[in-house]
Amino acid sequence: MPAPVPDRPATSDEAALQARFDATIAADHRIEPRDWMPEGYRKTLIRQIAQHAHSEIIGMQPEGDWLLAAPSLRRKAILLAKVQDEAGHGMYLYSAAETLGADRADLTDKLIEGRQKYSSIFNYPTLTYADVGVIGWFVDGAAICNQVPLCRSSYGPYARAMIRVCKEESFHQRQGYELLMTMMRGTPEQRAMVQDAVDRWWWPSLMMFGPPDDDSPNSAQSMAWGIKRHSNDELRQRYVDMSVPQADVLGVTLPDPDLTYDPDSGHYRFGAIDWTEFKRVISGNGPANAERIARRRAARDDNAWVTEAATAYAAKHAS
Ligand code: BYC
């Protein structure tokens with residue numbers, strides 16, 4: 001009989017494995033699924049990747065609401081492609097989580113039971129078609145800012161998934177901006193719709209980057225592990241600096257009377273973010289949390305037969 005494989009390496013082995021892991025991180029090389037990793041690193045990755053995957057899937061809902069009411073066939077085709085891309089992003093990310101030993105169905109259950117989060121931004125309703133454009137411009141724009149550095153994240157499968165996701169988000173951002181440009185060249189009512197959507201989505205977009213650095217419990221360790229490359233506040237600032245000139249070109253006003261350019265730092269200074277609202281939304285009490293989760297639950301339950309049939313088919317083939 002072959003010798004049983006021990007569950008855990010002996011302590012001295014573990015120290016050697018930890019040293020090797022630390023050296024890999026220090027050299028800025030990638031950790032791959034076959035490599036040993038500390039339990040905390042694995043758990044943090046599963047938490048962040050699952051939250052990211054859930055955001056992509058729940059994020060299909062606010063824009064998906066407009067698929068049947070798109071103003072033209074061209075807009076419908078664009079929106080359909082975008083929403084399908086978000087589904088694809090969710091799938092790559094769930095696959096990345098699976099390489100860490102997570103189970104996709106279990107992650108979905110945790111989301112539905114409120115034991116895992118998804119991005120706060122998707123708990124706001126889309127009231128007009130201008131919201132579709134503003135989601136592309138603001139939300140996909142913020143996603144690019146946050147995710148381009150994740151292409152250099154220390155965990156290989158996550159970093160590689162981000163490359164394709166970022167390319168697609170870039171198309172999404174431009175389609176949103178192009179839609180808004182078209183509306184801004186339209187009637188006064190269309191321009192007012194764009195401004196109204198900008199007013200409603202600007203502050204929630206800034207919240208996407210997470211709590212301020214001095215109130216971000218996970219940042220220090222995630223940055224030491226090379227999972228995150230920049231702090232929440234750094235990325236938020238980068239996003240504001242990027243968005244202000246784009247707003248000027250578009251001809252809209254960002255709803256922040258304190259927004260001013262600081263020539264000494266070369267950055268735009270912005271007003272105080274309502275962190276009470278952020279906390280309310282991520283604890284499940286935002287304007288659309290209940291609806292988002294109810295739909296996700298219905299999708300899981302109504303389509304369980306498809307999963308069961310596919311699993312039975314795969315098992316039959318395997319045998
Ligand atoms: N919303 O210590 P912190 C898309 C939580 S989808 C909700 O700073 P961390 C798109 C955080 O999880 C793109 N929760 O955490 C799709 C933690 O709670 P837990 C979505 C948030 O992880 C469809 C607690 O607050 N992008 O683009 O170091 C259509 C303390 O925070 C949020 C990603 O998922 C939030 N906004 O940093 C269109 C990016 N912020 O988990 C577009 C990947 C924080 O301890 N994720 N929390 O219970 C990240 O980069 C990081 O996880 C974050 C937070 C920067 C978001």
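Which of the 35 residues around the ligand come nearest? They are Gln 51, Lys 117, Ser 216, Lys 228 and Asn 232; a residue counts as near if one of its heavy atoms lies within 4 Å. This is a predicted model: local features need pLDDT of at least 70, side-chain atom pairs count only at pLDDT 80 or more, and totals for chains, interfaces and linings use all residues. Residues are numbered from 1 along each chain as its sequence is written, and side-chain values use heavy atoms, with hydrogens and water left out.

**The ligand**

- A side-chain N or O atom of Lys 228 lies 2.7 Å from a ligand oxygen (a polar contact is a pair of N or O atoms within 3.5 Å).
- For Asn 218, a backbone N or O atom is 2.9 Å from an oxygen atom of the ligand.
- Met 208 has a polar backbone atom 3.3 Å from a ligand nitrogen.
- Taken alone, the ligand exposes 1,000 Å², and the protein buries 91% of that (Shrake-Rupley method, 1.4 Å probe).

**Helix H11**

- Helix H11 spans residues 275-285 (helices are DSSP runs of H or I, at least four residues, numbered from the N terminus).
- Its buried residues are Trp 275, Glu 277, Phe 278 and Val 281 (buried means under 20% relative accessible area, exposed over 50%, with a 1.4 Å probe and protein chains only).
- These buried residues fall within an arc of 155° seen down the axis of H11, so they line one face of the helix (the arc uses directions from the helix axis to the C-beta atoms).
- Thr 276, Ser 283 and Asn 285 are exposed on the other side of H11.
- The buried residues pack against helices H8 (188-207), H10 (232-250) and H12 (289-302) (contact means heavy atoms within 4.5 Å).
- Asp 274 caps the N-terminal end of H11, with a side-chain oxygen 3.1 Å from the backbone nitrogen of Thr 276.

Definitions and conventions
Helix = DSSP H or I, 4+ residues; strand = E, 2+ residues; numbered from the N terminus. Polar contact = N/O pair within 3.5 Å; in protein donor to acceptor, adjacent residues only side chain to side chain.
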